[in-house]
Amino acid sequence: MSKTQFTTTQDELLVEEVSKNRVLYDSSHEKHKDVNYKDAIWNNISTVVGQCTEDCKKRWRNIRDTYMRHKKKLGTGSSALSKKK
């Protein structure tokens with residue numbers, strides 16, 4: 001199994017394209033559970049990014065999960081300040 005490398009430009013394109021398609025990340029969207037609809041969107045995204053659909057999905061999950069881990073680690077508000085001390 002070969003590991004596909006995404007360039008910084010491809011990462012930025014991927015994030016930009018996903019952000020244009022709320023259905024991919026917003027579970028309250030009416031078509032969020034429509035797999036065929038989302039697959040068509042992922043196919044379009046993969047064409048724009050220049051990588052296969054599965055690699056785009058995996059890379060998106062990795063970017064999203066990494067962001068959420070960092071966001072959780074930073075914390076928010078006054079409780080975050082007390083944790084740093």
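**Close-up 1. Cys52 and Cys56.** At 42% relative accessibility, Cys52 is partly exposed, a class between buried (under 20% relative accessible area) and exposed (over 50%), with a 1.4 Å probe and protein chains only. Cys56, with a relative accessible area of 0%, is buried. The model is predicted, so local features need pLDDT of at least 70, side-chain atom pairs count only at pLDDT 80 or more, and totals for chains, interfaces and linings use all residues. Residues are numbered from 1 along each chain as its sequence is written, and side-chain values use heavy atoms, without hydrogens and water. A disulfide is a pair of cysteine sulfur atoms within 2.5 Å. The sulfur of Cys52 has its closest cysteine sulfur in Cys56, 6.8 Å away, which is too far for a bond. The structure holds zero disulfides.

**Close-up 2. Lys31 and Tyr37.** The charged end of Lys31 sits over the ring of Tyr37, at 4.6 Å from the ring centre. For this label, NZ of Lys or CZ of Arg must be within 6 Å of the ring centre and within 35 degrees of the ring normal.

**Close-up 3. Lining of the second largest pocket.** Leu24, Val35, Lys38, Asp39, Trp42, Lys57, Trp60, Arg61 and Arg64 line this pocket. A pocket is an open set of points on a 1 Å grid over the protein atoms alone, where a 1.4 Å probe fits, with protein on both sides within 12 Å along at least five of seven lines; lining residues have an atom within 4 Å of a point. The elements giving two or more residues to the lining are α2 (35-49) and α3 (53-74); helices are DSSP runs (H or I) of at least four residues, numbered from the N terminus.
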